[in-house]
Amino acid sequence: MLEQLLIFTRGGLILWTCKEIGNALKGSPIDTLIRSCLLEERSGAVSFNYDAPGAAYTLKWTFHNDLGLVFVAVYQRILHLLYVDDLLSMVKQSFSEIYDPKRMSYDDFDETFRQLRIEAEARAEELRKTKQVGKPVSSVKKQGQVSKAGLEGGNKRVSEGGSKKDDGDGNKAKVSTLTNGHSNGNHQMEDDSQETDLANGKENTSCNVAVDLSKLQKLRSKGVRGRGGVRKTDSIGNKSSKVAAAEPAKKATKKNRVWDDAAPKQSKLDFTDSVDDNGNNDHVDIVAADQGESMMDKEEVFSSDSESEDDDEPGSDEKPAEAKKKGWFSSVFQSITGKANLEKTDLGPALKALKERLMTKNVAEEIAEKLCESVEASLEGKKLSSFTRISSTVQAAMEDALVRILTPRRSIDILRDVHAAKEQRKPYVVVFVGVNGVGKSTNLAKVAYWLQQHKVSVMMAACDTFRSGAVEQLRTHARRLQIPIFEKGYEKDPAVVAKEAIQEATRNGSDVVLVDTAGRMQDNEPLMRALSKLINLNQPDLVLFVGEALVGNDAVDQLSKFNQKLSDLSTSGNPRLIDGILLTKFDTIDDKVGAALSMVYISGSPVMFVGCGQSYTDLKKLNVKAIVKTLLK
Amino acid sequence: MDNLEDLKIVAEQWSKQGLEFVQKIPPPQLYTAIGVLLLATIWLLSIRLFRRTKSNTVLLSGLSGSGKTVLFYQLRDGSSHQGAVTSMEPNEGTFVLHNENNTKKGKVKPVHLIDVPGHSRLISKLEEYLPRAAAVVFVVDALEFLPNIRAASEYLYDILTNASVIKNKTPVLLCCNKTDKVTAHTKEFIRKQMEKEIDKLRVSRSAISTADIANDFTLGIEGEVFSFSHCHNKVTVAEASGLTGETDQVQEFIREHVKP
């Protein structure tokens with residue numbers, strides 16, 4: 001049963017809600033939908049899941065771009081209603097007939113809606129019945145069939161990972177319906193003949209997974225973020241199997257591999273200078289506090305608008321030449337008069353060209369695809385104003401969308417946060433995480449330099465206890481910048497080192513603690529576990545993901561896996577995820593700035609710093625307008 | 001290709017005909033016609049220049065969820081209809097404020113009211129509208145004030161240090177909304193808290209002052225605790241309730257700054 005169906009304008013005024021279904025929605029699903037989906041340019045997704053204490057809803061929506069209306073249907077997640085899409089499009093059609101910008105209340109629509117709903121439900125029933133006749137199923141209640149068809153219909157979740165995750169989610173959905181007391185049949189989408197066997201199999205797995213489900217409910221009730229929650233369900237299942245596998249492995253300790261008959265070298269190669277020979281360090285040049293202003297404080301000068309106009313010309317000449325002569329004439333004619341409505345077929349080629357362009361700028365393929373879908377959803381049905389071409393409308397919409405994505409959702413004023421922490425007499429802890437070789441240690445030094453320039457006292461913590469030379473590297477930076485460093489050498493537990501560093505900082509009154517960690521691949525389970533332990537134990541104020549601008553499609557994988565692992569392996573109810581991104585090696589890419597977009601889109605966190613060189617002053621802020629201009633050039 | 005050729009030929013013919021026609025007109029008439037046209041354009045331009053003295057645009061801004069859209073519809077229609085959700089686009093309208101429709105006699109100048117979405121992703125829309133604003137109403141949620149105080153003070157700080165606001169000395173009204181609820185804070189409390197937060201912001205923002213060319217203005221007086229009376233533009237505080245329709249103070253403010 002539908003929980004609610006709303007019609008509202010893009011400006012926010014609710015025009016009509018279904019009064020028959022009087023249920024008040026728990027939590028605020030509509031506002032969350034707008035904030036985390038529609039405004040985040042994910043309007044191309046099929047549905048949105050919302051979890052509130054005491055309710056789990058799925059929301060589906062459709063736009064009427066010409067009139068600026070949004071139609072949203074809310075229903076319980078466990079019911080896979082088929083007729084929602086159908087109903088939404090019918091409602092859209094009939095409402096747009098009676099819509100009048102001056103009118104604010106549409107009570108007469110109640111009757112129309114009731115009829116439409118009955119119609120849609122009837123149609124769904126018929127569909128169900130025809131499917132039921134086709135497949136012989138033993139003792140399956142009607143509910144089961146609804147869910148089965150619903151799953152086939154594809155209630156695709158907003159997923160960021162590969163298809164494996166989707167299957168996992170599908171499984172979870174099925175299992176959750178099982179535990180909710182519906183005696184559904186098995187819902188294997190592949191093989192119908194093995195239904196009865198699989199039924200038994202499912203029952204068994206449901207018993208095994210029952211424990212995890214209760215954990216799932218608990219986690220859900222703590223109001224986990226929609227995306228995180230979905231991912232959690234998948235990995236909880238995986239974790240149970242993995243834990244079983246990990247137990248026996250832990251018993252055997254690792255031994256060094258011996259390749260030939262010679263006895264292995266026993267001595268470790270540890271060249272750490274002992275910490276207490278400070279006398280030797282006079283010869284190291286101490287960087288005067290004035291290497292110049294950090295580029296964070298300089299304003300950006302970016303090219304004027306004349307460039308973009310020049311680029312429009314060659315682009316526009318290409319398009320008519322490609323199309324047939326007749327096509328060119330009609331498009332010119334239409335651009336003067338203004339076409340009736342934009343259809344998907346019209347937007348198709350323009351969006352495809354735009355997607356190609358984005359991909360040549362090093363935007364991950366998946367992200368470009370999702371963005372194009374979202375722009376398509378927002379333009380479909382819109383009236384093309386006169387004297388504009390389709391390509392320019394699409395370009396304008398895409399530019400708007402890109403600016404929206406790259407604008408930070410919350411304030412990224414680190415100095416303000418530092419001052420706030422200072423008032424509470426706590427040090428502000430920043431942890432730098434990332435894969436190998438992206439520039440964490442170098443950029444940590446740059447951030448320290450910048451903070452120092454703003455009269456903030458900094459302390460470094462060398463928690464990269466794995467890579468040879470990491471501690472020395474940080475020590476050199478600390479010496480040059482004249483800031484204290486907390487180190488414990490190599491082969492120590494980074495989480496404990498960090499904890500002690502923070503205690504030391506509280507003791508000697510440092511304002512900020514910058515924690516350097518070892519680089520790790522996102523697939524490396526034990527290392528990710530160690531990182532999660534560090535973050536859980538120390539609860540830093542800012543988790544900064546360091547990513548290089550040279551990365552391509554891997555950015556999506558890196559960020560999503562990092563976030564997923566951090567949320568899965570977190571012990572508390574509120575998992576700490578990545579709070580900000582530090583984009584490095586920005587000077588090496590000329591105009592292939594797409595990595596910034598991919599990272600921001602996939603993680604939702606803003607780019608706080610951009611590293612654009614290898615000296616201390618090469619740190620700046622992200623200039624949103626310049627990036628958008630470069631991406632669309 | 002035929003179409004094009006045909007078109008070209010037709011166009012050439014027309015242009016020839018047009019030229020012949022023009023040449024047929026005796027010179028004096030031609031000159032007077034041109035003269036009249038020039039005079040008309042100059043007159044229109046001068047009217048536009050002179051009329052630019054006072055705009056009638058009032059902006060409704062504030063954080064997401066503070067009640068701007070409800071207030072907008074209250075001012076326009078006298079009722080908030082069926083409620084509102086997070087706005088994705090601005091709501092604009094030029095109208096006479098609802099209450100004045102009934103009471104005032106004579107010519108009342110309509111107000112161009114713009115409700116700008118407060119969501120942080122849409123902050124660029126505010127920058128578009130600020131230069132044209134005659135007055136700004138900053139709506140604050142008096143109920144959920146303390147959890148959002150940082151974001152609200154940053155937003156207000158950005159407005160107060162915006163280049164156009166400073167140049168035009170745009171008056172700002174700090175409107176405390178949702179005062180119909182029992183646990184809403186008083187306007188005095190809100191004012192004091194905002195002043196304190198902006199004072200803190202001054203310190204941290206002035207550190208990055210050279211970066212932002214638009215906001216290179218330091219608010220208030222150096223060395224003294226910030227107070228709204230230090231601003232060059234007038235900043236006042238008022239209370240309102242969007243849901244119940246108590247918008248008198250807001251309407252007075254709007255009337256004051258959009259002269260009828």
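**Entry 1. Conventions.** I worked with a predicted model, in which local features need pLDDT of at least 70 and side-chain atom pairs count only at pLDDT 80 or more, while totals for chains, interfaces and linings use all residues. Residues are numbered from 1 along each chain as its sequence is written, chains are lettered from A and ligands numbered from 1 in the order in which they are written, and side-chain values use heavy atoms, with hydrogens and water left out.

**Entry 2. The two chains.** I looked up secondary structure as DSSP runs, numbered from the N terminus, with helices being H or I of at least four residues and strands E of at least two. Chain A has 20 helices and 13 strands; chain B has nine helices and six strands. I then looked up burial (buried is under 20% relative accessible area, exposed over 50%, partly exposed in between, with a 1.4 Å probe and protein chains only). Of the 633 residues in chain A, 48% are buried, and of the 260 residues in chain B, 43% are buried. For contacts I used heavy atoms within 4.5 Å. In chain A, 75% of the contacts with a separation of 6 or more join residues 24 or more positions apart.

**Entry 3. The interface.** I found 45 residues of chain A in contact with 36 residues of chain B. The size of an interface is often given as the accessible area lost when the parts come together. Here the buried area (accessible area, 1.4 Å probe, that two parts lose on being put together, summed over both) is about 3600 Å², and carbon and sulfur atoms give 52% of that area.

I next listed polar contacts, meaning pairs of N or O atoms within 3.5 Å; within protein, one must be able to donate a hydrogen and the other to accept it, and residues adjacent in sequence count only if both atoms are side-chain atoms. The rule finds 14 such residue pairs across the interface, both residues at pLDDT 80 or more. On the side of chain A that touches chain B, β2 (14-17), α1 (29-38), α9 (325-337), α12 (390-406) and α13 (414-423) each supply at least two residues. By class, that side has 18 nonpolar, nine polar and 18 charged residues; Ala, Val, Leu, Ile, Met, Phe, Trp, Tyr, Cys and Pro count as nonpolar, Asp, Glu, Lys and Arg as charged, and the others, Gly among them, as polar.

**Entry 4. Salt bridges.** I took a salt bridge as a side-chain nitrogen of Lys or Arg within 4 Å of a carboxyl oxygen of Asp or Glu. The structure holds 31 of them over all chains, and the rule finds five across the interface of chain A and chain B. One of them pairs Glu423(A) with Lys200(B) at 3.8 Å, N to O.

Lys200(B) also forms a salt bridge with Glu197(B), with the closest N and O atoms 3.2 Å apart. These two residues are separated by about one helical turn because they are three residues apart in helix α8 of chain B. Lys200(B) is partly exposed at 35% relative accessibility, whereas Glu197(B) is buried at 10%. Salt bridges that share partners join Arg416(A), Asp417(A), Glu423(A), Arg150(B), Glu154(B), Glu197(B) and Lys200(B) into one network.

Asp511(A) is buried, with a relative accessible area of 10%; Lys422(A) is partly exposed, at 37%.

**Entry 5. Nonpolar cores.** I looked up cores as sets of buried Ala, Val, Leu, Ile, Met, Phe, Trp, Tyr and Cys residues joined through side-chain atoms within 4.5 Å. The largest has 110 residues, of which Met398(A), Phe432(A), Leu514(A), Phe586(A), Met599(A) and Phe609(A) touch the most other members. A second, separate core of 48 residues includes Leu81(A), Val91(A), Leu75(B) and Val137(B).

**Entry 6. Single residues.** Thr9(A) lies in strand β1 (residues 2-9) of chain A and counts as buried at 12% relative accessibility. Its C-alpha atom is 5.9 Å from that of Gly68(A), 59 residues apart along the chain. Lys355(A), in helix α10 (residues 344-360) of chain A, is buried with a relative accessible area of 15%. Beyond four places in sequence, Lys355(A) touches Glu365(A), Ala368(A), Glu369(A) and Cys372(A).
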